[in-house]
Amino acid sequence: MRHLMSPLDFSVEELNELLDLANDIEANPQKYANACTGKKLATLFFEPSTRTRLSHEAAMLNLGGSVLGFSSADSSSASKGETVSDTARMVSCYADIIAMRHPKEGAPMVASRYSSVPIINAGDGGHQHPTQTLTDLLTIRSIGGRLDNLTIGLCGDLKFGRTVHSLIHALVRYNNIKFVLISPEELRLPGYIRKDVLDKGNVPYEEVERLEDAIPKLDVLYMTRVQKERFFNEEDYIRMKDFYILDAKKMELAPENMMVLHPLPRVNEIAVEVDDDPRAAYFKQAQYGVYVRMALILTLLGIQVS
Ligand code: NCD
């Protein structure tokens with residue numbers, strides 16, 4: 001049995017197969033419409049979510065399966081003191097696969113030790129968010145045609161942003177990848193990723209504070225929200241929250257083919273006027289999230305559609 005805790009749980013070859021499957025699902029949805037008939041997905045969300053929970057559910061429904069679950073810790077027995085391990089043991093009696101989001105780093109990993117069905121980490125604290133990374137890879141590959149030879153700007157809250165952490169882990173395995181890390185000093189990428197992943201792997205990167213300085217050289221600009229819920233005090237959040245605002249004027253500095261991604265939800269970091277720019281790919285990205293989660297569910301359940 002296989003779980004998905006980190007994007008590194010799949011080899012590059014397996015990832016490419018998964019992305020191929022997602023593209024086939026996009027092109028031939030009918031072919032997959034009954035692939036999971038009789039199967040159930042449980043979504044256990046101990047933290048707020050719109051896209052991740054609903055796209056997992058839409059993915060299972062598109063495959064002909066059904067869904068059950070809860071969308072906040074308050075409405076589950078966690079509020080009575082039940083442990084994650086007991087919850088996982090119970091729910092694996094009710095469902096064939098589980099997607100779990102939790103504010104504590106490592107909680108889905110604990111759950112995977114007690115579950116008798118595959119567990120998908122749908123975001124654990126400030127740590128990892130592997131299904132968002134699958135979504136990001138599918139978007140970059142489908143729109144840009146490649147995952148090699150890319151300069152990627154990661155902008156915003158690189159300290160707490162789990163989507164950034166997972167994406168870096170995944171992308172360093174491709175050829176000729178360069179990162180431009182765009183953040184204020186206080187929200188820099190954590191040392192354990194800078195040193196253990198980038199430095200150790202000799203991956204070229206630079207750290208800059210001004211978005212304007214970075215934009216002209218990028219193939220992909222990945223914007224992120226300042227992660228309010230991970231701050232220890234509100235003052236710091238208020239000081240940081242509008243540090244970056246991507247607007248039409250800044251987009252004038254961007255290459256013609258640069259794509260703008262954002263895992264969403266956006267707050268103020270991308271002005272609404274950018275939505276009409278053909279380089280804005282974040283809503284398309286959310287759509288790709290459904291195809292890739294369909295491919296992931298099929299893969300983890302070992303279901304092949306011919
Ligand atoms: C992200 C997350 O939950 O980490 N959202 C998502 O799943 N698309 C990003 C965020 O909340 O800022």
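Asn-176 is situated in the loop between α6 and β6 (177-182). Its phi is near 55 degrees, a positive value in a residue other than glycine. The model described here is predicted.

**Loop residues with positive phi**

- Asn-176 is partly exposed, with a relative accessible area of 46%.
- Asn-149 also has a positive phi, of about 55 degrees, although it is not a glycine.
- The loop that holds Asn-149 runs between α5 (130-144) and β5 (150-155).
- The relative accessible area of Asn-149 is 42%, so Asn-149 is classed as partly exposed.

**Cis peptide bond**

- Leu-264 and Pro-265 are joined by a cis peptide bond, with omega at about 10 degrees.
- Pro-265 belongs to the loop between β9 (259-261) and α11 (282-301).

**Packing of α6 against α7**

- Two packed helices are described by the angle between their axes and the distance between the axes.
- For helix α6 (residues 162-171) and helix α7 (residues 191-199), the angle is about 10 degrees and the axes are 10 Å apart.
- Angles under 35 degrees count as roughly parallel, and α6 and α7 are therefore roughly parallel to each other.
- On the α6 side the contact involves His-165, Ile-168 and His-169, which meet Tyr-192, Ile-193, Val-197 and Leu-198 of α7.
- By class, this contact of α6 with α7 comprises five nonpolar residues, two polar residues and no charged residues.

**Thr-163 in α6**

- Thr-163 is located in helix α6.
- Thr-163 is buried, its relative accessible area being 10%.
- Not counting residues up to four places away in sequence, Thr-163 touches His-129, Gln-132, Thr-133, Tyr-222, Thr-224 and Pro-263.
- One of these contacts, Thr-224, is 61 residues from Thr-163 in sequence, and the two are 8.5 Å apart in space, C-alpha to C-alpha.

**Arg-194 in α7**

- Helix α7 contains Arg-194.
- With a relative accessible area of 13%, Arg-194 is buried.
- Residues up to four places away in sequence aside, Arg-194 touches Arg-188, Leu-189, Asp-199, Tyr-205 and Glu-207.

**Lys-250 in α10**

- Lys-250 is part of helix α10 (residues 248-251).
- The relative accessibility of Lys-250 is 16%, so Lys-250 counts as buried.
- Apart from neighbours within four places in sequence, the residues in contact with Lys-250 are Leu-211, Glu-212, Ile-215 and Ile-245.
- Lys-250 and Ala-111 are separated by 139 residues in sequence and by 44 Å in space, C-alpha to C-alpha.

- Six aromatic pairs are present in the structure.
- In the pair of Phe-231 and Tyr-237, the ring centres are 5.8 Å apart and the planes stand at 70 degrees, so the pair is edge-to-face.
- Phe-231 counts as buried at 16% relative accessibility, and Tyr-237 is buried as well, with a relative accessible area of 10%.
- Tyr-282 and Phe-283 form another edge-to-face aromatic pair, at 5.2 Å centre to centre and with 65 degrees between the planes.
- Tyr-282 is buried, with a relative accessible area of 1%, whereas Phe-283 is partly exposed, with a relative accessible area of 48%.

**Charge over a ring**

- Lys-284 lies over the face of Tyr-288, at 4.6 Å from the ring centre.

Note on methods
Residues numbered from 1 in each chain as written. Predicted model: local features only at pLDDT ≥ 70, side-chain atom pairs only at ≥ 80, totals over all residues. Heavy atoms only, no water. Axes fitted to C-alpha atoms, helices over the stretch in contact; angles between N-to-C directions. Helix = DSSP H or I, 4+ residues; strand = E, 2+ residues; numbered from the N terminus. Parallel < 35°, antiparallel > 145°, perpendicular 65-115°, else oblique. Contact = heavy atoms within 4.5 Å. Nonpolar A, V, L, I, M, F, W, Y, C, P; charged D, E, K, R; others polar. Phe/Tyr/Trp six-rings, centres within 6.5 Å; stacked < 30°, edge-to-face > 60°. Buried < 20%, exposed > 50% of the residue type's maximum accessible area, 1.4 Å probe, protein only. Lys NZ or Arg CZ within 6 Å of the ring centre and 35° of its normal.
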